[in-house]
Each structure stands twice: as structure tokens, then as C-alpha cells.
Amino acid sequence: MAKIELTDVRKVYPGNVEAVKGVSLSIPDGSFVVLVGPSGCGKSTLLRMVAGLESISSGTVEIGERVVNELEPAERDIAMVFQNYALYPHMSVRGNLQYGLKNRKMASDEIARRVDAAAKMLEIGPLLDRKPGQLSGGQRQRVAMGRALVREPAAFLFDEPLSNLDAKLRVQMRAEIRRLQRRLGTTSLYVTHDQLEAMTLADKLVVLNSGRIEQVGSPMDVYEKPASLFVATFIGSPAMNLLPVGEGGVPGVSASDHLLSPGGRPQILGVRPEHMRLVAETDATQPGDAIFELTVNGVEVVGAESFVYGGLPQGGPEVAVRVAGYSHLEPGTQVRAATSHDAFHRFDRESGRRIVVA
Amino acid sequence: MDGRTPFAGTALQKAVFPNKLLPYLLLAPQVAITIVFFYWPASQALYQSMLKEDPFGLKSQFVGLRNFAQVLGDPDYLNSVKVTIVFSVSTAVLAMALALFLATAAEKVVRGKGFYRTMLIWPYAVAPAVAGLLWLFMFNPSMGTFAYLLRSAGYRWNPLLDGDQAMLLVVVAAAWKQISYNFLFFVAALQSVPRSLIEAAAIDGASSTKRFWTIVFPLIAPTTFFLLVVNTVYAFFDTFGIIDAVTGGGPAQATQTLVYKVYNDGFVNLDLGGSAAQSVILMAIVIALTAVQFRYVEKRVHYA
């Protein structure tokens, strides 16, 4: 058990390519922190620096109370689960699990005890004598987890561990990882590009963009109050609708002047599809509602809900509206959508940062 | 077909040639080459091994297995078997160990990797006899540069008289030529070991030496096994040129391998029947050796 503390961590590759541009992050003892971002944002590099697989160009990484910058991966008291599982193909499952313990010259009865405990916890007991090549993807994933578990490390590091699994198994393993982490209370740092994984697993979500932290917060915090346009569009599916607002408001959207006035600086307004609703012509709208005149471009039926995509009369970005159930709207139909004014997010058009309305 | 990939299996089975003759025509060149260069000479050797020629080569007479009895009872031949074993094992082990060492070192080179590799691969382009001559010139007791250095360092270097030194020289020369080939395969094998496995082992607390022997080495075992077969065959058959150029089988038959003896008895001493019997035995030995390697060594090899 340990906290992990990153202070102004940078990674510069030869040729002056800066992959991580000064990240400071505090991971409390026992918490589950997820690093999320698009590919190339530096999240894996950051994780590998914590693991000791990548040198740290500047800044410090502390695990527990120790600065580990100069320590070998083996000395950092961490265990890592790799994207491709990295199981030793020539060893049995038992061999894989005990490899790290044997290297540490642990007594054989203690090794046996830990391997059996991990096997029981992950339900891989019957597989102990098999080779990784004889296992399914989900079973390999479990073995990889087991190999991390038996070490009883101060922290678990996960590098996109579920991205090689099929969708159904991914959901199942996701829940299992969460349950295990809760039960063991081991500090965990988890890297993913999948926002759904990030949202469901994290105690604390860290959104990374091109080597910098965009936002840190609880998943709901990040979802409800995205700190920047990047976060707003990255988290949530379909992405938040964005409307650039000029002096003349947004063509095709009618609302109180207060909402659409740029307030001195050019802004971008954001509204999530689920905060919009389709209204009939005759429907009375609430005072303060913004009304969108849309021409339907297409409908995406997910099952429990549908997303209606429409265009504003003067062009501009497409707007998505969430509708419960099955929508039968044909492309070309004219619809009106309404949204409450307090559902809007405001972003500075130049900096992309969130504008906090007093 | 292993039956686990039904599509591949059925696709191949359904590829039926409409023309009855075409498949045989397509196979013909390969079959012809094998017949002309292997089956025919091999059967000739087999036939010859049961004949005995008169001293003038005018007529020959059928003697059954007497040639074999004579060869196997000949102390010179048994010495040659011993020499071959020492020579082949030493050459294969030396060539493979050095190549593996160089390949692991090449993995760690950051700058000029391509240059380093190219330089290491070059010796393979040198013909065996030329390689032998190179080493002969370097270590010839009367004019070799290294021989001079060895002697001035107080070492009594004379492979023309000392059988062990002669053996050392041909082993090193033969291994030197094969290192490049082995190096190439080991480099490719090392590159195919996933980096994440080595990283996982590093996190699992294995030192770099331990990582090599417990993770990398077992994973490149298929390549090592392949090279073991190739190197053994090389040491048995393809080193004639080197031995001929460096020692000519001497001194006092100290470097006379089985292949060299076949040549010497057949073409120098003109004992065609005895030479043919030796080559038949040699063929049997190599077939047996390869079979044993596949039967026992390969079982211990993990194919990923």
C-alpha cells in the first residue's frame, strides 16, 4: 500500500520530442486512478516511467515515501499488467505466477500459498498446469492479473489491459478488476483510451492531451464540468454538441439574448445530446429554453435510445439529440429541439478553457 | 493440415488439377535434381561400396560387406570418427555461442546498428577454402603474423607439428565462417522476442542475465535447434575446403575428419571401394544424427 506522487514529470525523447510535458499528479493510497486520452497523448509513457521501463527526463516519481527515479523496475514494488498480457509462453500458468516470487527467493511454501490464493480469487485453479498458448483471451487476462496479484505489490499498473478482449468480455473483466481492486485496496494506476472504461473504473479520472493534464477529477465531475473543449468532446458519446457563438448569436437557434451574447469574448457553447429534447411545434417550451430548428440528417438507433442528428439551417456543426426508445424520423424532416439554458457549457473560443459563470 | 483450421484444410483439398499430367510436370524439375544429384550418386556409392578394384583399376569384383568390415576395423578410421566428433562439436558450439553473444551485443547497439550487423555478416560471403587460407596465412608458423606474435609471447605455436594446435586452428577457422550465418538467425530470433516479456521479467525481479537464460533463451530455442542441425551438417560436410587448405588432414591425421578421409582414401589413395563404404557409413551417421536431433532435442523446444 502506498501513494504515488508525480512532480513535474517530463519525458523528452532524442530529437527533442517531448512526450510528457510536465505532469504533476497525486495518487492517494488505495485509490484507483485512470489515465485517459487519445493515442499519442503520453499516457502509456507516463505509466512506463512510473514502472521504471522508461527513464524520467526530469521531475520526480515517488512511490510510498521513496523517490524511485533511479530505481530498477524490480525495486519499485509495483506490478504491471500489459496490454498483450506478456505471459511467458514457455512456462505453465503456475510458472508464470511464481516467476516473480522465485526471483525474489521467497520460501516455496509461501509461494505455493500465494499462487493458490490468487488462483482461487481469479478462478484459474484448473488452468495452473496449462501453457498460455492453450488459454483463451479472457483466461490469459486473468493469469496476467494473477501474476500481478501474487506479488502483493504497493501498486498495480495497468497498461490498457482490456483492449485485446471482445466487447462482452471487456465489460465483464472491467467489473472484475474494479471488484478486485476494492477488495485488495491496492493503489492502482490504469491507462486506457476507452472513455467508458475510464468512467466506470476510476475513483479519479485524469484526462491527458498531448503530454499535458487537461483535467483531474471524479468521473462525474469531469463529465458534468469539463474543464476544456478537449475534455468536453473526449468524454461522452456521442460527443457534446458545440456551437460557435458570434455577435449575431447562432443562426437557427432562438433563445434569450443573455444566453447567446458572447459576453465580450468569442465563445463556444456546448450541450450534451441527452440534455436536448425534441419538441412539437405546438409544445409550450419552458421560459429560458433555447430552441433549435433542425433538418434531420440521420438517426442512430442504439436500442434503449436513439440519437437524432440534425443540421442547423445555415450549416455549421451537426447537432445530436438523444431520444428515448426508437426514433422513426426520416432524413429531411424538420424538427425542433429544446434545451434548458442551464444545460449549456461555455468555453473560451481561443483558449478552449471552460468559462465559469459566476 | 492439423485439422484445427478447417477453412485452410478444405481449400487445399479442393485444389484439384484438371490436367492429370500437369502436377507431375510441375514436380519434375525438383525430382530430376534430387535424382541426379542425390539418389543416383548415393546408389552408385552403395553399389561401389560392395566392389573391390584390382590395383590397376582394370576390373572389379563383388565383395559384399567386406569393405565395411575392413573400414570399421581400421584404427585410422576409428581415429577419424573421434576427430570428427571433436571437430564437429567444437565447431558447432563455438560458432553458435559466439554468434549468440554477438547477436545479443548487437541488440544493445544504439548507433550504427546496420553497419555493425553488415560487418558481422560479411565473413559468410567468403568461400571455405579462402577462409582456410586466411587463417593459414595468419597462423602459419613460418610467415603468419599471429603465429609470430604468439611465438614472441613465448608460446610454442606450431600447428604443422602439434595435432591439438592444428585442430584448434581448423575449428576456429570453420567456426569463424559459420558465425555470420548463425548471427543473422540469432538477430532475427532475438528481435522476435516481444519486448513486453522482457519488461515483465524485469518487473518480476529478474536480473538481465537471468532474463536472458529464463526468458530469451527458451524463446529462441527453435532457432537454436535449427542452427544446431545446420551447424552439425556444416561441420560434417562443408568444412572440407578449410581442412584441405589449412592442414590437409594432418599432422599425422590429427585433423582428418570422415569427409576428408573419404576424399583422401578415394581420390588420393584410389581405394574406391573403401572410400564408397566410408561415404555410405557417413550418410547413415548424418541421417541418424538428424533423426536423433529431431526426436529428442526438438521435444524440449518450445514453438510459440
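Because the model is predicted, local features were considered at a pLDDT of at least 70 and side-chain atom pairs at pLDDT 80 or more, whereas totals for chains, interfaces and linings use all residues. Residues are numbered from 1 along each chain as its sequence is written, chains are lettered from A and ligands numbered from 1 in the order in which they are written, and side-chain values rest on heavy atoms, with hydrogens and water left out.

Chain A contains nine helices and 19 strands, while chain B contains 14 helices and two strands; here helices (H or I, at least four residues) and strands (E, at least two) are DSSP runs numbered from the N terminus. The C-alpha trace of chain A spans about 75 × 45 × 35 Å along its principal axes, and that of chain B spans about 75 × 75 × 30 Å. Of the 358 residues of chain A, 52% count as buried, and of the 304 residues of chain B, 41% do, where buried means under 20% relative accessible area, exposed means over 50%, and partly exposed lies in between (1.4 Å probe, protein chains only).

Contacts, defined by heavy atoms within 4.5 Å, were also examined by sequence separation. In chain A, residues 24 or more positions apart account for 67% of the contacts with a separation of 6 or more; in chain B, 66% of the contacts between residues at least 6 apart in sequence join residues at least 24 apart. Chain A exposes about 15,900 Å², with carbon and sulfur atoms supplying 50% of that area, and chain B exposes about 17,700 Å², of which carbon and sulfur atoms supply 69%; these areas come from the Shrake-Rupley method with a 1.4 Å probe, and for residues only the protein chains shown count as cover.

As for charge, the mean positions of the 40 positive and 41 negative charges of chain A are 7 Å apart, and those of the 21 positive and 15 negative charges of chain B are 10 Å apart. Lys and Arg were counted as positive and Asp and Glu as negative, without His and the chain ends, and each charge was placed at NZ of Lys, CZ of Arg, CG of Asp or CD of Glu.

Grid points were joined across faces, edges and corners, and a volume is the space filled by probe spheres set on the points. Four cavities of 30 Å³ or more were found, and the largest cavity holds about 60 Å³. Its lining draws on both chains, including Ala79(A), Arg151(A), Ile203(B) and Asp204(B), and at least two lining residues come from each of β6 (78-81) and α4 (137-150) of chain A and α9 (195-203) of chain B.

Beyond residues up to four places away in sequence, Ala79(A) touches residues among them Ala148(A), Arg151(A), Phe156(A) and Ile203(B). Arg151(A), in the loop between α4 and β7 (155-159) of chain A, is likewise buried, at 8% relative accessible area, and its contacts outside four places in sequence include Asp77(A), Arg104(A), Ile203(B) and Asp204(B).

Two or more lining residues are given by each of α4 (75-108), α8 (163-191), α9 and α10 (208-219) of chain B.

Some backbone features in chain A complete the description. Ser237(A) and Pro238(A) are joined by a cis peptide bond with omega of about -5°, and Pro238(A) lies in the loop between α8 (229-234) and β11 (241-245). Asp8(A), in strand β1 (residues 4-13), has a positive phi of about 45° although it is not a glycine, and is partly exposed at 34% relative accessibility. Ala86(A), in the loop between β6 and α2 (93-103), also has a positive phi, near 50°, but is buried, with a relative accessible area of 3%.

Methods: On a 1 Å grid over the protein atoms alone, a cavity is a set of points where a 1.4 Å probe fits but cannot get out, and a pocket is an open set with protein on both sides within 12 Å along at least five of seven lines; lining residues have an atom within 4 Å of a point.
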